[in-house]
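Student: Could you help me learn to read the charged side chains in a protein model, and tell me how to judge whether a residue faces the outside?

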Amino acid sequence: MSHPHLQFFIDTANLSEIQEAFDLGILDGVTTNPSLMAREKVVGKEAVLNHYITICNMVDGDISAEVLSTDFDGIIEEGKELAALHPNIVVKVPMIKDGIKAIKWFTNNGIKTNCTLVFSAGQAILAAKAGATYVSPFIGRIDDSGWDGIDLIRQISHIYTVQGMQTKILAASIRTGNHIIACAEAGAHVCTSPLSSILALLKHPLTDIGLAKFVEDAKKMSN
């Protein structure tokens, strides 16, 4: 399985943050969820659906839109409605029995999916078997529980490679720039993170010192 390079998604519903990440020239997609929508005061079904459309019009890439239902029929109904909003919508489905069943249905009907709330390799295998486009291991929350989130990315990557599974590993619950670097090393295909984690990759104290010296020397030359 070959992917040209690591993809960067931004994990937010904030339009100005999405625009800032897009303007950097490195943004490949967006993930969001009901909590992030609520943080932006986007409430009510119509407002949420319209917000997804706005995001899709800003970024030409996969946009994960999460279902709220936890039963098969509800997930299918919501997923069909979300997928109809824009060709770039990926339906985000929770890792539960009815979720796996729904992912299989979506796969058979040409709808892209992101299996979310993944915390084990077994769950990742089931998601891939059902045909999920993406699987989202929550590395930050795994670290919080005393396990190693990066180890899980490494394990899923190994299994998918050995088995020739086409599902992409979308590392989620990323909190730092170092998380992104570690996920890239461990074989993630996509990292979704807050803008702050992406911007953290820009920073290094030696860069700041070097730049200050360049500016200082340039001033001397122009005098």
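Tutor: Let us begin with Arg175, which is partly exposed, having a relative accessible area of 43%; here buried means under 20% relative accessible area, exposed means over 50%, and partly exposed lies in between, computed with a 1.4 Å probe on protein chains only. Keep in mind that this is a predicted model, in which local features need pLDDT of at least 70 and side-chain atom pairs count only at pLDDT 80 or more, while totals for chains, interfaces and linings use all residues. Residues are numbered from 1 along each chain as its sequence is written, and side-chain values use heavy atoms, with hydrogens and water left out.

Student: Which side chain does Arg175 meet in a salt bridge?

Tutor: A salt bridge is a side-chain nitrogen of Lys or Arg within 4 Å of a carboxyl oxygen of Asp or Glu. In this structure the partner of Arg175 is Asp144, with 2.9 Å from N to O. Asp144 lies in helix H7 (residues 139–144) and Arg175 in the loop between strand S7 (168–171) and helix H9 (177–186), so this pair ties together parts that are 31 residues apart in sequence; helices (H or I, at least four residues) and strands (E, at least two) are DSSP runs, numbered from the N terminus. Asp144, at 55% relative accessibility, counts as exposed.

Student: How many salt bridges does the structure hold?

Tutor: There are eight salt bridges, and one of them joins the side chains of Glu66 and Lys92 at 3.6 Å, N to O. Because Glu66 belongs to strand S3 (residues 62–66) and Lys92 to strand S4 (residues 89–94), the pair ties together parts that are 26 residues apart in sequence.

Student: Are Glu66 and Lys92 buried or exposed?

Tutor: Both Glu66 and Lys92 are buried.

Student: What separates Asp151 and Arg154 within helix H8?

Tutor: Asp151 and Arg154 are three residues apart in helix H8 (residues 149–163), and so about one helical turn separates them. They form a salt bridge whose closest N and O atoms are 2.7 Å apart. Asp151 is partly exposed at 41% relative accessibility, and Arg154 is partly exposed at 43%.

Student: Which residues are linked in a network of salt bridges?

Tutor: Such a network links Lys213, Glu216, Asp217 and Lys220.
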